[in-house]
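This report concerns a helix packing and a set of paired strands. The structure is shown first, and the description follows.

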Amino acid sequence: MREEAERRARAAGHAAGEDAVRRASFDAERLADASAPKVDTVPLFTVDTAPVLTIGTGPTASTDPPVSNRMPAPSAPQPERAPVLLADPASTPARHVRTRRLTRRIALIAGLATGAALLLGSSAVVTAMMAPPAGVTGTAAALTVAPPTIQQLPVPDVDESPPAADLCALPTFTNALQAGDDEGAVVAAGGGEAFRAAVVDGRAPCVNLSDSSRIWTVLDKHRPASPIDYRPSSLVLPDGVRNIEGGALRADAASALSAMVTAARVAGAGELALESGFRSYQTQQATYGRHFAERGEQADLVSARPGYSEHQLGLSADVVACAGSCTGLDELAASPQGQWVVQHAWEHGWIVRYIDGATPVTGYTPEPWHLRYVGTALAKAYHDGGWTSLEEFFGLEGAPDYLG
Ligand SMILES: [Zn+2]
C-alpha cells in the first residue's frame, strides 16, 4: 500500500508553492546566463591536439574511471587533453626551427644544383659533377649528403594543416538541423559518438544543449526547460502500449516506445506499460507540491520542481511491468521486463536516465523506470561508451542540486 500510495502521489504530479516557482524562474535566468557561455568557452584546440580529438576516438567504457570514482568530482578537468597541450610547447618549436634552417640550406643547394643542370642541359653532366674528382667538389659533397635529409621536407609544417572539422559547416548536418530532423542530424554528424565528441570539443557551435525541442537537450537541476513552461508542439499516444494514465509523448518518442514495448514482448520479456509520459509545468507543480508536503527538502531527490522535469519535454516515459495487472514503479527493476529494459532500451533510442551511483551528478535517487528518449544514434553511443549520466556524456558539470 505504501508503494501504491507513493506511486499515486508520484503519478499525480509535483507541485511547488509559488516560492518554488519563483525560485525556478530565477534559476532559469541564472542558468541561461551561466550555461550559454559554456559551449563558447570550450577551447579551440590547436592542430597538435586534433588527432586526439577526431571522430571515433571518444572515451569508451574501458577508458573511463568507474562510476564510484567519477561521481564525486563531476567537474574535474578532463585528463586526456592536458598532457597533449603541455607536452608540445617545450620541445617542438626548437625542433621545427632546426628543421626549417636545414631545409632552407638544402633547398638552396638543391636549387643551385638544379640550376646548374639546366644550364648544362644534360643529366650526364650532373652525374659527372657528383663524382668525387670533379672540379665542383664542394657542391658534389653537399649533394651526396642531401638525399637522406631531403626526405624530411614533408614532415613539417603545422601552420598549413587543416582546421578541426566544424559540424556546423557541414551542409547535410545544418540542413537536418534546420528541418528539425534531430536523428538525421546526428547521423549526418557521423553517428552518436561523432556528434558527442564534436559537442564536447566545441566543434558544434550551432548545437544548443539547452534547446528543449531537441532530442539531445539536457534538462536537470542546473538546466531548466526553455522557456520554463515549455510544451512540445505536438504530443501523441503511443500505439499498442498499455497506457495507465493516458500519457502522451512526442511523436518520435511515442513510436520508439511502441517499438520497444513490442520488442520486449517478442523477446519473451513480458509486457511493459506506460505509467506516465508528458507532464505539463502545471501538472508538475501539483506533483512536486505533494512530494514537498510529505518530505520537505528531501522531495528534491525524487521529484523535479516545475520547469525542471524531463517529463515536460515529452521525451520521458515512466514504465512498469505487467503480467495481467501491472505492478508499480518500484517493482520494475526486479522484473524480467526491468532487466530487459536495462539491456535493450538503448536499441530503441532510450536510456535509463537516473541510475544507481549517479545521484551526485543527476541529483536524483535511482529511477530504473524513468526512460529518456535521445534517439537511436545517441542512445547507442551512450550505451557503447558506458556512460552513466547525460551530463557526463556531453561534458557538462553535474547538477546535484538547484542553483542559488
Ligand atoms: Zn519519470
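## Packing of two helices

Helix α10 (residues 192–200) packs against helix α15 (residues 376–384) at an angle of about 80°, and their axes are 7 Å apart. Axes are lines fitted to C-alpha atoms, for helices over the stretch in contact, and angles run from 0 to 180 degrees between N-to-C directions. The two helices α10 and α15 are therefore roughly perpendicular (65 to 115 degrees; under 35 is roughly parallel, over 145 roughly antiparallel, the rest oblique).

From α10, Gly192, Glu193, Phe195 and Arg196 meet Ala377, Leu378, Lys380 and Ala381 of α15 (contact: C-beta atoms, placed from the backbone, within 7 Å). The residues of this contact comprise four nonpolar, one polar and three charged; Gly counts as polar.

## Basis of the model

The model is predicted: local features need pLDDT of at least 70 and side-chain atom pairs pLDDT 80 or more, whereas totals for chains, interfaces and linings use all residues. Residues are numbered from 1 along each chain as its sequence is written.

## Strand β2 and its partners

Strand β1 (residues 242–243) runs parallel to β2, joined by two bridges (pairing requires at least two DSSP bridges). Asn243 has Leu274 in β2 as its bridge partner. Five bridges join β2 to strand β3 (residues 316–323), and these two run antiparallel; Glu271 stands opposite Cys322 in β3.

Five of the six residues of β2 (residues 271–276) are buried, so this strand is largely enclosed by the rest of the structure (buried: 20 or more other C-beta atoms within 10 Å; exposed: 12 or fewer; partly exposed in between).

Terms used: Helix = DSSP H or I, 4+ residues; strand = E, 2+ residues; numbered from the N terminus. Contact = placed C-beta atoms within 7 Å.
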